[in-house]
Every structure is written in C-alpha cells, then in structure tokens.
Amino acid sequence: MKIAFFADNYLGQTGGVQNSIDRFRTGLIEFGHTVEFFTDDDPVGHKKIAPHIHIIPAFTVLALGKQFQPLRLPLDFMPEGLKKFKPDIIHAHTQSPLGFLAQWTAQKLQVPLVYTFHTAI
C-alpha cells in the first residue's frame, strides 16, 4: 500500500511527535508498505534530507515564539510529488493547515484519510 504522511513536524527537528511518526513509518515499511512524507518548508528545520520527504511551499501567518510551531499556510494544494506518488491512503499527523490540506487531498484523490493526534492542546 502507498501511504502519504502529512505533518509539520518530522526529521530535522527533535521531539516525541517526530520520533513517533518516524517509528510508525519504519514499521509500515517493514510490513512492505511505501511511505512518502509531505511537509511544509518551515524555516525551523525541514530540509529535503531524504528522498521520501516532499517539501510543500508555505508562508508563515502567525509566529508566537520559539516554543510554538508557527502557523503556516501551504501554497501548493496538489504537490507534484503527490501526483506522482498516487497514494492509496493519506495519513494526517497534524491539525494545522497541512492537516486540512491532507483532508482536501484525500477528497480530491478519492482515497481514505486517517488522522492521528499526537499532542495535547
């Protein structure tokens, strides 16, 4: 199965959310699935550091300091990497605008959407 992960936290940053997502991805790959990751071009650390990571251009709408993830809006609603990947399912790991983009994309591609919430508000 081809699975597209959407999240605003991943490799290049340190924390429980990132570790959880990476372990989940590793486990799915061990079971024979293909997992690609879609994230924004957040200035705090996302870089194209692996071939499975796709950067979605975005701009900062609101930043509340270093302890909070900035609110960023994606500029590309159907990234080229996503069109080529053609996922069977989309998994949103965030309630940020990238989570809404995941929902919109799942509807547009007519594939199921799974959502997990990793952090208490």
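Predicted model: local features only at pLDDT ≥ 70, side-chain atom pairs only at ≥ 80, totals over all residues.
Biologist: How many helices and strands does the protein chain have, and what pattern do they follow along the sequence?

Modeller: The protein chain holds three helices and seven strands, and reading along the sequence gives the pattern β-α-β-β-β-β-α-β-α-β.

Biologist: What share of the contacts joins residues 24 or more positions apart?

Modeller: Counting the contacts with a separation of 6 or more, 56% are between residues 24 or more positions apart.

Biologist: How should I read the length of helix α3?

Modeller: The expected span of a helix is 1.5 Å times one less than its number of residues. Helix α3 covers residues 97–109, so its 13 residues should span 18 Å, and the 18 Å between its end C-alpha atoms agrees with that. Just after α3, Gln110 takes a positive phi of about 55°.

Biologist: Which residues of α3 are buried?

Modeller: A residue is called buried when its relative accessible area is under 20%. In α3 the buried residues are Pro97, Leu98, Gly99, Leu101, Ala102, Thr105 and Ala106, while in the protein chain of 121 residues, buried ones make up 44%.

Biologist: Is Ile56 buried or exposed, and where is Ile56 found?

Modeller: Ile56 is found in strand β3, which covers residues 53–56. Its relative accessible area is 0%, so Ile56 counts as buried, given that the cut-off is under 20%. The C-alpha atom of Ile56 is 6.8 Å from that of Phe38, although the two residues are 18 residues apart along the chain.

Biologist: What is the accessible surface of the protein chain?

Modeller: The accessible surface comes to about 7000 Å², and carbon and sulfur atoms account for 60% of that surface.

Note on methods. Residues numbered from 1 in each chain as written. Heavy atoms only, no water. Helix = DSSP H or I, 4+ residues; strand = E, 2+ residues; numbered from the N terminus. Buried < 20%, exposed > 50% of the residue type's maximum accessible area, 1.4 Å probe, protein only. Contact = heavy atoms within 4.5 Å. Areas by Shrake-Rupley, 256 points an atom, 1.4 Å probe, with all protein chains shown as cover.
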